[in-house]
Amino acid sequence: MPEGHLIHRYAREQHAALAGAVLTLTSPQGRFDPAPYVGRTLQAVEAYGKHLLYHFDDSPALHVHLGMRGLWLRYDDPGVPPRKGVRLRLATGVVAYDLIAPIRCEPLSGDGERALRASLGPDPLRADADPDEAVRRLAAAGGPVGAAVLDQSVWAGIGNAWRAELLFLARLDPEARRVGAQSARRLWELAAHYLALGRDAGQVVSDPNAPDERWVYKRAACRRCGAPVRRWELGSRTAYACPVDQPAARPA
Ligand SMILES: [Zn+2]
């Protein structure tokens, strides 16, 4: 599942490759109508949590959400025929990006774009994110911290792999409730730091000395101490935690 770090990576790369160009938009699969964008110049590609926004001159923003299985493929030869099932191709004279299996690919009205932004909490990879607001939202969220960090209206961009690894790094039990402001701020700082590493590396990085390893995510044993990793359902996804490094919070 593409989490925020990959969405920001796509945005950065595509912005560099496409912004300022009049794009050719096509829908090889026929499920997207490119008419609003014909002849328009792409101004910017923006990532917000797990959402991508393409801003064109005098056109509604194009909104893409990859969901669980979506992805972008890049071709340095825009003449390459698209594979079956491509929802959208963005092409210039020198590069093409093919969008596969998104859950959203749609023009957004101004109201729609405002509603989307209003629905999202601070995104640790955005320069305009307000850490105080992030702390406030997490501290105010009801329920377990492991569910709150997946709630995109609390923080935007965290998915299941980051949840597991960030809570490990913060030594927080995913079931902990009412994490204080200090723990919330520590977790936010970890998120901002590690998601940036992940964006730059193109994968979840929770140990810069072992970028292909995870501490607890999808592991049988904790990579630090060897204890059997706990796994259970939390917030509709499988949670992973080390019983030693993330001891159960004492009841408040
Ligand atoms: Zn451990």
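The donor residues of the zinc ion follow the sequence spacing C-x2-C-x16-C-x2-D. Cys 222 lies in the loop between helix H6 (181–201) and strand E9 (230–234), while Asp 245 belongs to the segment after strand E10 (237–241), so this pair ties together parts that are 23 residues apart in sequence. The model described here is predicted.

The zinc ion takes its protein donors from Cys 222 (SG), Cys 225 (SG), Cys 242 (SG) and Asp 245 (OD), at 1.9 to 2.3 Å. The site is tetrahedral, with angles of 101 to 116° among the 4 donor atoms. For four tetrahedral donors the ideal angle is 109.5 degrees.

Cys 222 has a relative accessible area of 3% and is buried. Asp 245 also counts as buried, at 1% relative accessibility. Both values fall under the 20% cut-off for burial.

## Nonpolar cores

The largest nonpolar core comprises 40 residues, and those with the most contacts inside it are Leu 138, Val 145, Trp 155, Leu 166, Leu 187 and Val 216. Two or more residues each come from helix H3 (131–140), helix H4 (145–148), helix H5 (160–169) and H6. Of these elements, H6 gives the most to this core, with 8 residues. Apart from this core lies another, of 25 residues, including Leu 18, Leu 25, Tyr 54 and Leu 88.

## Surroundings of Val 216

Leaving aside residues up to four places away in sequence, Val 216 touches Ala 164, Glu 165, Phe 168, Val 229, Tyr 240, Ala 241, Cys 242 and Gln 246. One of these residues, Cys 242, is also a donor of the zinc ion through SG.

Technical notes: Residues numbered from 1 in each chain as written. Predicted model: local features only at pLDDT ≥ 70, side-chain atom pairs only at ≥ 80, totals over all residues. Heavy atoms only, no water. Donors = N, O, S within 2.8 Å, 3.2 Å for Na, K, Ca; no water. Tetrahedral: all angles 85-135°; square planar, octahedral: opposite > 155°, others 65-115°. Helix = DSSP H or I, 4+ residues; strand = E, 2+ residues; numbered from the N terminus. Buried < 20%, exposed > 50% of the residue type's maximum accessible area, 1.4 Å probe, protein only. Core = buried A, V, L, I, M, F, W, Y, C linked by side-chain atoms within 4.5 Å. Contact = heavy atoms within 4.5 Å.
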